[in-house]
Amino acid sequence: MILDYKSAKQKLLTFDIDGCQRFFEQNGYLTELGYCYLLTDRLDDAKNVFKSARSSDKRANWAFVMTDLLQNCISEYPTYFELRNFLEIDLNILINAYKGEYVEKLISYADLFFAINPEVYKFIGRVFINNNFNGYGYFFLQRAKDYFYNDPELHYLLAEYYFNNKDYAASKKSIQACMGILPDYYPAVKMLGILNRQV
């Protein structure tokens with residue numbers, strides 16, 4: 001089967017590394033090739049590829065720093081925008097690729113990341129909630145709430161946590177807090193309709 005970029009990237013995102021690595025190698029897609037190496041535990045190779053692409057690709061720069069952190073090395077820090085744009089996506093990829101050790105390692109830097117981008121706790125909480133690790137998600141969302149109480153999305157995510165745990169009264173309370181900040185927040189309006197049928 002002859003691949004194009006879109007189908008090769010889809011294979012990467014479904015962790016069919018053998019099905020896409022050669023395409024990325026042959027066509028010079030260095031960042032994607034680096035992720036192939038990362039997902040097959042070839043961290044030194046991944047870091048070298050990311051290093052060669054980082055000057056022209058912001059994602060590669062983040063991936064280089066991330067790989068450094070996975071190897072217990074902090075030679076430089078991620079930027080505010082790298083954490084905002086890529087941390088949640090890559091945590092999601094690593095969770096779905098069953099790379100628990102890498103997820104755990106990145107999460108161990110949560111406080112450092114928070115010092116760079118204070119929304120990090122929310123990002124981490126959301127990725128855990130979205131992957132049904134509700135207890136971990138709740139922990140990080142509660143930490144985020146200490147700093148960003150007036151973030152409507154944060155209250156919505158907490159409402160999802162309570163809803164997933166069938167605590168509909170607490171979920172409704174969080175939705176009401178969300179809508180007290182942003183009354184027309186559509187996901188909250190929709191969830192409130194569902195909750196009104198539950199409670």
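Helices (H or I, at least four residues) and strands (E, at least two) are DSSP runs, numbered from the N terminus. You will need those numbers throughout this tour.

**Before you start**

This is a predicted model: local features need pLDDT of at least 70, side-chain atom pairs count only at pLDDT 80 or more, and totals for chains, interfaces and linings use all residues. Residues are numbered from 1 along each chain as its sequence is written, and side-chain values use heavy atoms, with hydrogens and water left out.

**Stop 1: the whole chain**

Show the protein as a cartoon. It has 13 helices and zero strands. Read along the sequence, the pattern is α-α-α-α-α-α-α-α-α-α-α-α-α. Along its principal axes, the C-alpha trace spans about 55 × 40 × 25 Å.

Now colour by burial. Buried means under 20% relative accessible area, exposed means over 50%, and partly exposed is in between (1.4 Å probe, protein chains only). Of the 199 residues, 47% count as buried.

Next, think about contacts. Contact means heavy atoms within 4.5 Å. Take the contacts with a separation of 6 or more: residues 24 or more positions apart account for 49% of them.

**Stop 2: helix α3**

Select residues 30–39. This is helix α3, and it is mostly covered: nine of its ten residues are buried. Which ones are buried? They are T31, E32, L33, G34, Y35, C36, Y37, L38 and L39. What covers them? The cover includes α1 (5–13), α2 (21–27), α4 (43–53), α5, α6 and α7.

Step just past the helix to D41. There the chain takes a positive phi of about 65°. Keep that in mind for a later stop.

**Stop 3**

Two packed helices are described by the angle between their axes and the distance between the axes. Axes are lines fitted to C-alpha atoms, for helices over the stretch in contact, and angles run from 0 to 180 degrees between N-to-C directions.

Select residues 58–70 and 80–96. These are helices α5 and α6, which pack at an angle of about 65°, with their axes 10 Å apart. Show side chains. From α5, the contact uses K58, R59, N61, W62 and M66. From α6, it uses E82, L83, F86, L87, I89, D90 and I93. Colour these residues by class. Ala, Val, Leu, Ile, Met, Phe, Trp, Tyr, Cys and Pro count as nonpolar, Asp, Glu, Lys and Arg as charged, and the others, Gly among them, as polar. The contact of α5 with α6 has seven nonpolar, one polar and four charged residues.

**Stop 4: α9 against α11**

Select residues 120–130 and 152–164. The axes of α9 and α11 come within 11 Å and cross at roughly 30°. That makes α9 roughly parallel to α11. Angles under 35 degrees count as roughly parallel, over 145 as roughly antiparallel, 65 to 115 as roughly perpendicular and the rest as oblique.

On the α9 side, pick K122, R126, I129 and N130. On the α11 side, pick E153, L154, L157, E160, Y161 and N164. By class, this contact has four nonpolar, two polar and four charged residues.

**Stop 5: the rings**

Rings of Phe, Tyr and Trp (its six-membered ring) pair if their centres lie within 6.5 Å; planes under 30 degrees apart count as stacked, over 60 as edge-to-face and the rest as tilted. The count comes to 22 aromatic pairs.

Zoom in on Y156 and Y185. Their ring centres are 5.9 Å apart and their planes are at 75°, so the pair is edge-to-face. Y156 sits in helix α11, while Y185 is in the loop between α12 (168–181) and α13 (186–198), 29 residues apart. Buried or exposed? Both Y156 and Y185 are buried.

Then select F114, Y121, F128, F133, Y136, F139, F140 and Y147. Ring pairs link them into a cluster.

**Stop 6: two loop residues**

Most residues other than glycine have a negative phi, and most peptide bonds are trans. Select N72, in the loop between α5 and α6. N72 has a positive phi of about 65° although it is not a glycine. N72 is exposed, with a relative accessible area of 53%.

Move to Y98, in the loop between α6 and α7 (100–107). Y98 is not a glycine either, yet its phi is positive, about 60°. Y98 is exposed at 75% relative accessible area.

**Last stop: Q198**

Select Q198, in helix α13. It is partly exposed, with a relative accessible area of 43%. Leaving out residues up to four places away in sequence, Q198 touches F163 and Y168. Finally, draw a line from Q198 to P118. Their C-alpha atoms are separated by 34 Å, and the two residues lie 80 apart along the chain.
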